[in-house]
Amino acid sequence: MFNYVVRRVLQFIPVWLGVAILVFLMVHLIPGDPVNAMMGGRPISGEAVEQMRHQLGLDRPLLTQLVDYLGRAVRGDMGNSLISKAPVSKDIIDRFPYTLQLALAGLGLGIPIGIIFGVIGAVKRGTLVDKGLLVGSLVFISVPGFWFALLLIYVFSVWLGWLPIGGTGGLKALIMPAFVLSLGGAATLTRLTRTSMLEVLRSDYVRTARSKGLSERVVLYKHALRNALNPVVTIVGLEFAGLLGGAFILEQVYSRPGLGRLAVQAIFTRDFPMVQGIVLYSSTLFLLANLLVDISYALLDPRIRYR
Amino acid sequence: MKALWKKGLDVRVSIIGMVAIILLAVFAPLIAPFDPLKQDIQDRMQPPNRHHLMGTDQLGRDVFSRILWGGRLSLTVGLIAVAIELVFGIIIGLISGYLGGAVDNLIMRLCDVMLAIPGLVMALFIVAIIGPGLTKVMIALGIGSIPGVTRLVRGATLALKDRDYVVASRAAGAKPSQVMMWHVLPNVLPPILVLATLDVGTIILAGAGLSYIGLGAQPPSPEWGAMLTGARDYFTVAWWLSVFPGIAIMLVVLFLNIIGDAVRDIIDPWLRQVRG
């Protein structure tokens, strides 16, 4: 187990470095002169351009810049905002909880919903319930979350007045966005759990368990579901990327001051260090989530550890 | 195609629906009863009626006409982005799988890195580099999906390159580019077709989302996501402004998902053969 964890962590490092290098290169990938792009076409004297270039370190050799950037990024320093001049990491850490709360709440709602419906679909295979769940899950994979969010605001905030339109007002303000965010993932998990469950239910050990006279309940939940969940666990890490992206967009609908709004703002104000920081930060998070999933997967399934 | 039609009622409905949507989008200039950008303040905020099938917006523009024209934009986003992902993904994937060695290693590590950035964040990152706008969003979403195709093509190429007919063609003196074009590519196309169909839907959804938050199509463009941005302020008094563009996006993506799933089911035995 220890070896597995070490190996997995060692795989994480080069990928993370790759992301950091890509993020670093961003400023150099901008077509034309980066300083001009940052100024957004505003007139600026040649002297000021040189000064800014120096400030951003763009006048040094590329490799020096890269080493410097990586060295700071490892310590969590992602430069200063071009707009507020404050460290980018401070803004990100301030806003980040709003995004993480939403993403985790979406995950927390989506996983049980998806697994429960997936099991129901598999058990009631071929019935109207199963078909309904299959069509329903496809609908929720296809529905634009930000649009569905608008409809829910209309029903629950404007019409019924039960929930706030948005903002940061505690748990009540989190219910609606978290629910909307969970739908896509829940729908994917429903389909995956159903398929995986159907496969497991055909296996020999389930037939053995049944023939031993175990109750259907024990067979389903103790024997089948536990094994059927293996592929489900692996997908959870990947789902996290979708949740993060979904949260970025839903923040606009529900006026949550999270990373997504910060990113959009930064793109419009051409605050490149801020964009770089947000990309690096959210990718690091995604990589860590996957690392965590892989390790817990190995804990759950002994076969993985020995591969 | 025949097998696809026989898959079930939902698949048939989706195919008919998708064909109808494509026709409506292509012939929008002929079908749309009004100019999608023409404002008519006298006639604004009309609920759906005989004259304006889906009502009018805050500037008196006909929502139905805007949806029709918007369909062209959304479908274009999906098609262009998928074209980008396919062209680059296939070429890079073939090279990676066929050449192997250091080149393959480098390309695969680059894919790992790109896939480590969550999809929407990747799109935001590219839009930040090349700037906002609908065309830029197409490019961003296309580039972001290249690694997925690359990996798939590489995997299939690896599985195929030691098959007898490929080896034979190599032995007969065919150049690597010829082998890839004539013997490997045709055999990797089916799974890519499935991925592409499903990706058109995903990309249309993402494009609408990016337009909604203001990074894609800009007003007064009738792009569906952008229409919803405008509708947000009025949705308590004019439900039709937000309901119809949303349904339009959902239907297109739903139809594409159903068709893509059905195609995958049909191709699956083949997939097993290539992978196995």
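## Helix packing between the chains

Helix α1 of chain A (residues 2-29) packs against helix α5 of chain B (residues 101-115) at an angle of about 75 degrees, with axes 9 Å apart. Because of this angle, α1(A) is roughly perpendicular to α5(B). On the α1(A) side the contact is made by A:Val15, A:Gly18, A:Val19 and A:Leu22, and on the α5(B) side by B:Arg109, B:Asp112 and B:Val113. By class, this contact has four nonpolar, one polar and two charged residues.

Some terms need their cut-offs. Helices (H or I, at least four residues) and strands (E, at least two) are DSSP runs, numbered from the N terminus. Axes are lines fitted to C-alpha atoms, for helices over the stretch in contact, and angles run from 0 to 180 degrees between N-to-C directions. Angles under 35 degrees count as roughly parallel, over 145 as roughly antiparallel, 65 to 115 as roughly perpendicular and the rest as oblique. Two residues are in contact if their C-beta atoms, placed from the backbone, lie within 7 Å. Ala, Val, Leu, Ile, Met, Phe, Trp, Tyr, Cys and Pro count as nonpolar, Asp, Glu, Lys and Arg as charged, and the others, Gly among them, as polar.

## Model and numbering

This is a predicted model: local features need pLDDT of at least 70 and side-chain atom pairs count only at pLDDT 80 or more, while totals for chains, interfaces and linings use all residues. Residues are numbered from 1 along each chain as its sequence is written, and chains are lettered from A and ligands numbered from 1 in the order in which they are written.

## The two chains

Chain A contains 13 helices and zero strands. Its C-alpha atoms fill a box of roughly 85 × 55 × 30 Å along the principal axes. Of its 307 residues, 39% are buried, where buried means 20 or more other C-beta atoms within 10 Å of the residue's own, exposed means 12 or fewer, and partly exposed lies in between, with C-beta atoms placed from the backbone. Among contacts in chain A between residues at least 6 apart in sequence, 74% join residues at least 24 apart.

Chain B has twelve helices and zero strands. The box for the C-alpha atoms of chain B is roughly 75 × 45 × 30 Å, again along the principal axes. Buried residues account for 50% of the 276 residues in chain B. For chain B, 69% of the contacts between residues at least 6 apart in sequence join residues at least 24 apart.

## Interface composition

The contact between the chains takes 35 residues from chain A and 37 residues from chain B. In chain A, the helices α1, α6 (128-142), α7 (145-159), α10 (216-253), α11 (259-268) and α12 (272-300) each supply at least two residues of the side that touches chain B. That side of chain A divides into 29 nonpolar, six polar and no charged residues.

## Nonpolar core

A nonpolar core is a set of buried Ala, Val, Leu, Ile, Met, Phe, Trp, Tyr and Cys residues joined through C-beta atoms within 7 Å. The largest one has 165 residues, and those with the most contacts inside it are A:Leu250, A:Ala263, A:Val275, A:Ile278, B:Ala123, B:Phe125 and B:Ile249. Helix α10 of chain B (residues 176-212) gives the largest share of this core, 17 residues. Leaving out residues up to four places away in sequence, A:Leu250 touches A:Leu102, A:Gly145, A:Phe146, A:Ala149, A:Pro177, A:Val180 and A:Leu181.

Helix α11(A) is mostly covered, with seven of its ten residues buried. Those seven include A:Leu259, A:Gly260, A:Leu262 and A:Ala263. Their cover includes α5 (88-123), α10 and α12 of chain A together with α6 of chain B.

## Backbone exceptions

Most residues other than glycine have a negative phi, and most peptide bonds are trans. A:Ser255, in the loop between α10 and α11 of chain A, has a positive phi near 45 degrees. A:Arg270, in the loop between α11 and α12 of chain A, has a positive phi of about 55 degrees. A:Ser255 is partly exposed, with 13 other C-beta atoms within 10 Å, and A:Arg270 is partly exposed with 19. In chain B, the peptide bond from B:Pro219 to B:Pro220 is cis, with omega near 5 degrees.
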